[in-house]
Amino acid sequence: MSTIELVGISKSFGKTTVVKNLDLSIADGEFIVLVGPSGCGKTTTLRMIAGLERPTEGDIRIDGNSVVSLPPQKRDLAMVFQNYALYSHYSVAKNLAYPLKARGVSKAEITEKVQATAEMLGLGEVLKRRPGQLSGGQRQRVALGRAIIREPLAFLMDEPLSNLDAALRVDMRKEIIQLADRLSSTVVYVTHDQVEAMTMADRVVVMFDGLIQQLGTPAEVFERPANRFVAGFIGTPRMNFLDVTVGQGKELSVEGSSVGIGGSLPMSVGDPVVLGIRPEAVTVDPDGPLEVSVTLTENLGSETLAYGLIGTQEFLLLAPTRAAPQAGQTVRVACDSADMHVFEPGALGERLTVDA
Amino acid sequence: MKFRLKTDYESTDRRLGLLLVTPVVLLIVVILLVPLFDAISTSFTNLRVPGGEYETVGLEQYGTILGDPDFQSSLGRTVVWVLANGVLQLVLALIAATALNSSFRGLNMVRAWIILPWVVPVAVIAILWRWMLDATSGGINWALDSLGLISEPIVFLGDPDKAFPTLIAMNSWRFFPFLTVLLLAAMQTVPRSQFEAASMDGASAWRQFRTITFAHLRPILGILGLVGTLWAANIFDLIWLTTKGGPSGRTETMPLFIYETAFATFNFSLAAAASGIFLIVLMLIAIPLGMNARAELARGPVDGIIRAARGKGN
Amino acid sequence: MNDYHNPVASLVKVVVILLILAVLLLPFLWILVNSFRPTMDIVGGPEIIPSSVTLANYTGLLDSTPYWLWVRNSSIVALITIVFTVPISVLASYGLNRCRFPGRNQLGIAVLAVYAFPTALLVIPMFSLFNRFGLLDTYVGLALVNTLLAVPFAVWMLQAFMRSVPSEIEEASAMDGHGRLRTLFRIVVPQVLPGIFSVAVFAMVVAWTEYLFSSVLMVSDSNRVLAVGMADLIGQYRVDWGRLMAGAVMTAAPVVLLFSITARWFLRGVSAGALD
């Protein structure tokens, strides 16, 4: 398994620049996830690693060797496509054998490897069938098998789970991680689903508008988002953002109330900033600094989502159903200052450090 | 935002592409362009028979042929032939495709067998229709007579006035099923939801046809118009085998005229000149049709549903 | 289309369909039936049910014409035509659709433009050209011309198929280590097989029905093809309707037979070609 390095990569299609000056170092055996909304450049980046797109600028190195001028056939990487891209006219066995045929592997060895891979993925029974006769999950596994059988330098996966239904997705997530562990593989995984990113990644690369917004472990991205975009993208339900102003000392002025943030900001009183609080981070507290007038509640079972307003700004809170407020009520909520995030104004507003 | 991300192969792509089209290019150059060039150069001579003597005479043959009244009427006739066939075949094909545009058991059988007239060699068609249209023993006259519609038999192919329209009908009969199958296929790709939405919006069946179906068909109609025109213009065998251009040359279209000039009156260079002019005329027809087809292809059928929806309250 | 049928519309549709079928197919049936009547009877006028039946028309033709020879020649030419047409159009169609090279768009139009050229014009120079290169009066020579007539439409038909093969599948093949040509033959071609079948059927029909070049380029009696042989009969048997009808049936029979077997493929291909 190998290291992959992207150095100063950018890609433009005509006048549109889809990936802008990206640097990324992927360690041997790392499971790294590129995550972001549609159009952020994550798939393009993956395809450039694969060799299916040529970067407009920059270098791609595998194990230190530049591969940027090599066609995909020569890079020894395996890719799992979103729609699996199985060869519908071949049986499962032949699909699995196909990558080995290019390498001049002996027939006996091919049969052996196909058998082994099929068993590893639970495909032993369907070897003679064609993709059209398989279920979505089985097709997914054939696609995986085709990638594994070659023992490539790294695995590239382009939203492989997005065509599966929810329940299947959860199962396959586990299977992929187990597989990656077992093979100690380097995996570059692309998804728009931040839950997948958080549960599967060693490190997460949050992308937007062709740039890396943050690179870090799932915990880092969640607990210390680098900017407002990352904070809003990672975590469900989405973080609340309140337009507030800097108050005296270690406080912010939020719709007339003062909220202590446990430290001071390198800004002047009255400067606008954005306060970010996750819905699950607030508790209903009659002594709390924030007043929420609840307009709508959604009972999710053990928890309830309450939609409300602080002043004129929308605010969402998540509480155990037993302690949840009702629609029409006005409650006070409190939040630990460690769970408060302050950002500069703007969609990509940088996180501001609070000096304790 | 999804880009059409294509595989980036650049120069290998280019080399491969050129390699792959080499056979077809060779085919066209050797089988088409070389003889074509030969013919065009012959048209600048006064060659009468291949292998005979000749001298280069510039545009003299062109002048001669343009002044030839037989050539003129043949050319005019050919234009009529092309237009009449085009319109008739398209109309018939649209009607047929519309009628067939519902799934019923046996649809595939019907679709396959209606093409029969196109599948059989022209000799068969010639025999079939010469017999059907025969004044004394033919089926058409017999049927018309039995129905009491005529008192004496109609002469079709032997009548100088009727022969040409008869041939147009015959040729259209031969080709329209093929067009039908193509149109039907295009029709069946229209997503049902477009019709359903239009119905909800109050659009009548006719309006739905006009705006949705027709919009979907435009691109293919463009291409068919182009190819169909070219095919029709070059029809030789059907006319040759039924009337040989008669009676009194009233069914002689350009292909026959060229053939006769070359093989009957033994004037190859004159025939070549006639061909040259014919070619130019065809190009003049084909190029605007081709442009039209491309424009339609770019437009796409989404307009259909919008127009259908706007049709309510009308 | 929806549950609220317009019964009048349905009736009209049925009537139109029956009308079409009648107009297109009845003539053939009629000829088939009448081919078994003696010429004397036919001259008298058509009958729904023949009063007397005979095989004389057929036996007469089989005795006086080299029918089976003609069938054999047509078969050979058709086969060679198919063998030429399929690879040329598959390669060209893939190249035009999946590769980028200078002149690609122009070539696409040029291929269809082949149909613009007056065939009557080409007959003469082709005769001398083929003569010079020993292709005159050969199966291969005629097949080449048929190929030229079949390829443009074939390429058009295959376009839709080529475009329907998702590019991901080719990318997967590349990731799996296979070069483009390998991918073309192992992956793309199997995916467009229905299209290839219909190209083959199209080529077959073109070869079996072609008249002009077949009559000019096949000079000797021993190489004559069915379409030409039977056509010559029309001049010979001007009013021997019986013989002519039997001739028509015998000329149509081979193609119709072949077509009935392969029609399914052809339709699939033609339909897809219309969907681009």
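**Chains B and C, then the strands of chain A**

In this predicted model, 78 residues of chain B are in contact with 82 residues of chain C. Contact means that the C-beta atoms of two residues, placed from the backbone, lie within 7 Å. Helix α1 of chain B, residues 11-42, gives the most to this side of chain B, with 18 residues. Helices (H or I, at least four residues) and strands (E, at least two) are DSSP runs, numbered from the N terminus. By class, the side of chain B that touches chain C has 61 nonpolar, 11 polar and 6 charged residues. Ala, Val, Leu, Ile, Met, Phe, Trp, Tyr, Cys and Pro count as nonpolar; Asp, Glu, Lys and Arg count as charged; the others, Gly among them, count as polar.

Residues are numbered from 1 along each chain as its sequence is written, and chains are lettered from A and ligands numbered from 1 in the order in which they are written. Local features need pLDDT of at least 70, side-chain atom pairs count only at pLDDT 80 or more, and totals for chains, interfaces and linings use all residues.

Now to chain A. An open sheet of 5 strands runs in the order β13-β12-β11-β14-β20, with antiparallel pairing. Two strands pair if DSSP finds at least two bridges between them. The edge strands are β13 (257-260) and β20 (340-343) of chain A, and each pairs on one side only. Strand β12(A), residues 251-254, joins β13(A) over 4 antiparallel bridges. There, A:Leu252 stands opposite A:Val259.

Strands β17(A) (303-310) and β18(A) (313-320) pair in the antiparallel sense over 8 bridges. A:Glu303 has A:Pro320 as its bridge partner. The hairpin has 2 residues between the strands, and A:Gly311 takes a positive phi near 65°.
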